[in-house]
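Have the sequence and the 3D view open while you read.

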Amino acid sequence: MLEHGKIIRIISNLYTVATSNDIVDCHARGKFRNAKLTPLVGDECEVDIENNYIIDIYERRNELSRPPIANIDVALVITSCKEPDLSLNLLDKLLCNILLNHIEPIICFTKLDLLTKEELKNIQKLRQYYEHLGIKTTTNRHRYHLKKLLKNKTVVLTGQTGAGKSSLLNKLDRHLTIATGEISTALGRGKHTTRHVELYQVGKSLIADTPGFSSLELSNFTKEEIKSSFPEFNNYQCEFHNCQHTNEKKCAIKDAVAKGEILPSRYTNYLKFLKEVKPCK
Ligand SMILES: Nc1nc2c(ncn2[C@@H]2O[C@H](COP(=O)(O)OP(=O)(O)OP(=O)(O)O)[C@@H](O)[C@H]2O)c(=O)[nH]1
Ligand SMILES: [Mg+2]
Ligand SMILES: [Zn+2]
């Protein structure tokens, strides 16, 4: 018998699928391997519930490869302010990747309790900057706000290892007991506690916990795409419409950085990301 379902968890080659009235562990048909199609958490699929096989994957609305997930409304970028240290490079890179995959990013800052008053003010300024770009921001302290932002959405948590993704899920639903990690204070590094992607029903949202990472490549995008993923650049008109905002003598973006209108970190990260694209593109 065939039923429609959604993949909610993948651990190595075992796929857990939620159908309308059951949760079944399945294997995937070899044909996916031949078609170079890797089933992802979030995939809508057809399952043979007698033989426990996924036999078809429906067309995806969208997908991400880091973390691997499909059919997402919102990517919540869990951004640690301390332990691990705030990385604006990773934040901007994640935003780039999410925007270019046509998914809405929302930034969620964590570990604000470890900050001094001065550092907190800086986070507040950062929040205002990103909000001004049209990107919503929140913190893991504001659970009511978070629940409102994520209501009726399929959400993926993404961000550095040790940033507090699993801890946040446990706080959003007190029935969850997902393992969370210790931060080694000596090294200031996390231990990669979460090892697989899994969707959880949390109130009126479906939220995926994912393994953290500390690096991400933007090599699949073109320079033009990278440029288009910086919304603040649209507010300025350079002399040449194809200005790369790099070595050009006159450039409205560089002027805006000098005037303090564009955050220096945003511009520096833009330059770094340009260097990561494939040379042939
Ligand atoms: N002080 C403080 N600690 C936090 C906060 N959020 C999480 N932590 C702690 O940070 C550590 C790592 O949290 P996890 O939830 O395991 O982090 P993760 O993002 O799931 O990490 P990976 O699974 O490795 O990707 C745990 O010891 C948490 O208790 C916070 O807001 N403040
Ligand atoms: Mg985790
Ligand atoms: Zn320019």
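The C-alpha centres of domain 1 and domain 3 sit 43 Å apart. The assignment gives domain 1 as 2-59, domain 2 as 64-209 and domain 3 as 223-276; these bounds come from an automatic or database domain assignment.

Some ground rules: this is a predicted model, where local features need pLDDT of at least 70, side-chain atom pairs count only at pLDDT 80 or more, and totals for chains, interfaces and linings use all residues. Residues are numbered from 1 along each chain as its sequence is written, chains are lettered from A and ligands numbered from 1 in the order in which they are written, and side-chain values use heavy atoms, with hydrogens and water left out.

Helices (H or I, at least four residues) and strands (E, at least two) are DSSP runs, numbered from the N terminus. Serine 166 counts as buried because its relative accessibility is 7%, and threonine 194 also counts as buried, at 14%. Buried means under 20% relative accessible area, exposed over 50%, and partly exposed in between (1.4 Å probe, protein chains only).

Of its 30 lining residues, the closest to the centre are Gly162, Ala163, Gly164, Lys165 and Ser167.

A search of the whole structure also finds one cavity of 30 Å³ or more. Strand β8 gives the largest share, four residues.

On a 1 Å grid over the protein atoms alone, a cavity is a set of points where a 1.4 Å probe fits but cannot get out, and a pocket is an open set with protein on both sides within 12 Å along at least five of seven lines; lining residues have an atom within 4 Å of a point. Grid points are joined across faces, edges and corners, and a volume is the space filled by probe spheres set on the points.

**Strands β3, β4 and β5**

Strand β5 (residues 53-57) pairs with β3 (residues 23-28) in the parallel sense over two bridges, and with β4 (residues 44-48) in the antiparallel sense over four bridges. Pairing takes at least two DSSP bridges between the strands. β4 and β5 form a hairpin with four residues between them, and asparagine 52 in the turn has a positive phi of about 55 degrees.

| Cis peptide bond | Omega |
|---|---|
| arginine 66 and proline 67 | about -10 degrees |
| glutamate 83 and proline 84 | about 0 degrees |

Proline 67 lies in the loop between β6 (63-64) and β7 (69-70). Glutamate 83 also has a positive phi, about 50 degrees, although it is not a glycine, and this residue is partly exposed at 34% relative accessible area.
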